[in-house]
Amino acid sequence: MGYNCVVLIKQVPDTKRITGDVMNDDGTVKRSALPAIFNPEDLNALELALQIKDKFGGHITVLTMGLPAASAMLRDALYRGADEAILITDRRCAASDTLATSYILSCAVKKIDFDIALCGRQAIDGDTAQVGPQLAEKLGVTQITYIEELTELEGRTITARRNIGNGWQQVKATLPVLLTVTGDANEPRVAAAKKMMKHKSALSPIEVEQKIRTENPDAGEVEIKELAELKCSKLIEKGLLMKQWDLDAVEADLNWCGQSGSPTKVHRIQSVVLAAKETRQIEPSEEGISGMIHELINDKVIA
Amino acid sequence: MANFYRDNNDIQFLFRHVDLATSAEICEEDFAFAGEFDHAPADAAEAIQNYEMVLDSLGELCGEFIAPRSESVDREGNVLNEDGTVTRAKGIAEAIEKLGQAEVMGFTLPHRFGGLNFPNLVYSMAIEILSRADAALMNIFGLQGIAETINAFASEEIKQKYLHDFSAGKVTGAMVLTEPDAGSDLQAVKLRAFQDDDGNWFLHGVKRFITNGCGQVLLVLARSEPDRSGGLGLSLFVCEPGPTVHIRRLEDKLGIHGSPTCEIFFDNTPCEIIGERQRGLVTYVMSLMNGARIGIAGQSMGIAEAAYRIARDYAATRKQFAVAIEKLPAVRKMLIDMKIDIEAGRALLYETSRVVDLELGYARRLETNPPEDKPELKQLKDNARKYKRAAAMLTPMSKYYCSEMCNRVTYDSIQVLGGSGYMRDYACERHARDARITTIYEGTSQLQVVAAVRGVCSGTAEKFMGELAQQDYDAEVKDLLEMLAEGTEKLKEAIAYVKEQGNEYMDLYGRPLVDIAIDLINGYLFCGQASTKVQMEVPVLDNGTANGKSIPMKERKAMLARRYITRNAPKIDAMVELVCAGDKSAFTDYEALVGPVPGE
């Protein structure tokens, strides 16, 4: 007997690479100027699901809501060992805040048979850590957040250790549950060779359509549709067509989606100017180093 | 994100420059597997795409996961427990698990056993990338030749029993060859193999210096013909650890601490024979050793690359006499030599691996699917013979050159760092310790020279260089090619002289002869790189920071070829002169020159 896992993942701009060049004048970040990556803690969530599958068996579905380009990240998840990938893409999702996002995701997850839903603790672009907990609420399942270690999984009971900031807490719960996973939980595996060799040609329907349009710039809409259908059916034969859902497919109430479903208001944007500041010479002695360390602790740069 | 494939522009350049398509075509037997296995490539372009994706992913694993653990692996080492089991260093155990998940433990095994069926050329790249992260781990990742030997020579039943597990990373293996009195001379192996009345085989005796002897699949060379001394009395067996396999001791070594070196006592251990009796050493172990030698060359490349990078970085940042020390001529020259020798080794190793792919591929085609057309068959046979000869010369050359080079580079890396390099604060001391074994195991440098010099003196080298000289080169390297042609003529003179003096003299001057041949071959390979069709820009760094300048790799390789070939030309002259001087004092005056054996 195995466990069915659904892993919620997000494609994010690589915020580690923020430099002056990618900032707008108003203090926001030019997302397109940064490489899009797999949100790091979502990789930890996927790794935890893979470890559960390695040990007990089961099926892993990865799900993301995003632009068609997020298909690349779904392929990455397939390379690492996910069994199935689903892209939720719909223009009407645009401008969704965490409330609307978790609503849309909950509609999708309800269509999937799962024992354990896993999310990264938080995404590095928004750093809210809200979507996982909100999703659990909307699904009506128990949530265990900030997981550092899955201690035990036996029958329908899960025990996990969660980080509570100044210590840890062991929590036992009955499945189904939603877990949010921290970066300390594990070290994600890399892509597996044979899975990569197979799934490198996997596409989502919207990618198929984009590809057909680029390859046939003069074709009319009807022809494009036909060609796309043909290509998709070929991919299905090989098990290489990723699933794609829009808001109708997940039966979402449009009032709760996108702009209209997003009550979050931006209060203020602080413009951060990245510039080199003064340098200081520290004496290469015990006192010099210890003085610097104390200063950094006082400034809360290091804990 | 550290990625040891992506951050190495020479490997990436060679990936595009060398002829991977032919290797792919031969390995995939004209892409016949695509219908049967959904991951098998349908054409050369797809195969090459697969190779690069896997190297990229392995590069990430090595940079992000394996390299950060290598220091603690070196400190921790392995522990022999009281119950005879071995506990590996934590970092090695974790890395083995990750390598299994990455599906790279059956790198060259056929698709039908769950392997990737990749060419040796790509495997050599992978071994270098991994060894740069942790040289000791290479002794597990890089010894996939054990599985390859089972694949090549064992019965279908044994293949089915073990090969799937190798590919899945569930088992690791060991080549159990060396004994206290049988090191370089494996013909002296004594460990006894005997049969009971039902024909079951058993092993009895002691093996020593067994790398990864605690692995789960042991290939054991043993004397199956008690009345027959020498190599023809030996057969190869496979067995698993169990109550009759006792690991008695782990060696306390200078380097590669993450790799357990075991002494094993086999106490009537049940085993199965690989292939036919009496072919153990002469056929199977020779083939196994050839693969392992290429593996050690790759390991040497990785260690040298790691050590060079530390020196390059240090020389750019360390200030003495108010300047970065790389401004000092003596340091500058050391770094250039290190870098050029690394790229020379890489060129030689990849060329060797390419030739081995062709050798194995043609041999396989001849055995399984010979063409009916007579001239075609003859062509295939000629090719098989040609590449077999070339591989038999190039394999020991690569092992010899890369391992000696790696020792020079790690030595100089410490030298560039000065006092700091001698301390354990920097990894170059570890690299130097790890490097030291590479000229010793899988055949010492001296034995590699003995193997290579036969090829040099039998005409194989001349033919091989003749073919290299016939290739298309750019006009810019014309004068360099002339220098290489002159060098080749001088080498011929030396060979003619040596042949008159006999075999003993040939072995005495084997090293300079092989050195000359390698210098010339590498010279041609560099000229080929300088004439490449690959368009690739490489950054020119200034004091460790990119100043925005870049030059075509082709241009850089032309500079490198020029420096390499002009630097070697006078050395070749001197070596030829030395060989032809006819000094036989090593034979005539040995006792007087070395003095008496030191007493108590």
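**Close-up views of a predicted two-chain model**

**View 1. Fold of chain B.** Of the contacts in chain B between residues at least 6 apart in sequence, 76% join residues at least 24 apart; two residues are in contact if their C-beta atoms, placed from the backbone, lie within 7 Å. The model is predicted, so local features need pLDDT of at least 70 and side-chain atom pairs count only at pLDDT 80 or more, whereas totals for chains, interfaces and linings use all residues. Residues are numbered from 1 along each chain as its sequence is written, while chains are lettered from A and ligands numbered from 1 in the order in which they are written. Chain B holds 22 helices and 13 strands, which are DSSP runs numbered from the N terminus (helices H or I, at least four residues; strands E, at least two). Because its radius of gyration is 24 Å, close to the 25 Å that the globule rule gives for 600 residues, chain B is as compact as a globular protein of that length; the radius is taken over C-alpha atoms, and the rule is 2.2 Å times the number of residues to the power 0.38.

**View 2. The open sheet of chain A.** Nine strands of chain A form an open sheet of mixed pairing, in the order β9-β8-β7-β10-β6-β1-β4-β5-β11; two strands pair if DSSP finds at least two bridges between them. Strands β4 (residues 58–65) and β5 (residues 84–88) of chain A pair in the parallel sense over five bridges. The bridge partner of A:Val62 in β5(A) is A:Ala85.

**View 3. Helices on the sheet of chain A.** Helix α3 (residues 98–109) of chain A lies across β1, β4, β5, β6 and β11 of chain A, at about 145 degrees to β4(A). Axes are lines fitted to C-alpha atoms, for helices over the stretch in contact, and angles run from 0 to 180 degrees between N-to-C directions.

**View 4. The contact between chains A and B.** Chain A contributes twelve residues and chain B 15 residues. On the side of chain A that touches chain B, six residues are nonpolar, none is polar and six are charged.

**View 5. Domains of chain A.** Chain A is divided into domain 1 (3–204 + 242–261) and domain 2 (205–238). Their C-alpha centres lie 29 Å apart, and the contact takes six residues from domain 1 of chain A and six residues from domain 2 of chain A.

Notes: Nonpolar A, V, L, I, M, F, W, Y, C, P; charged D, E, K, R; others polar. Domains from an automatic or database assignment.
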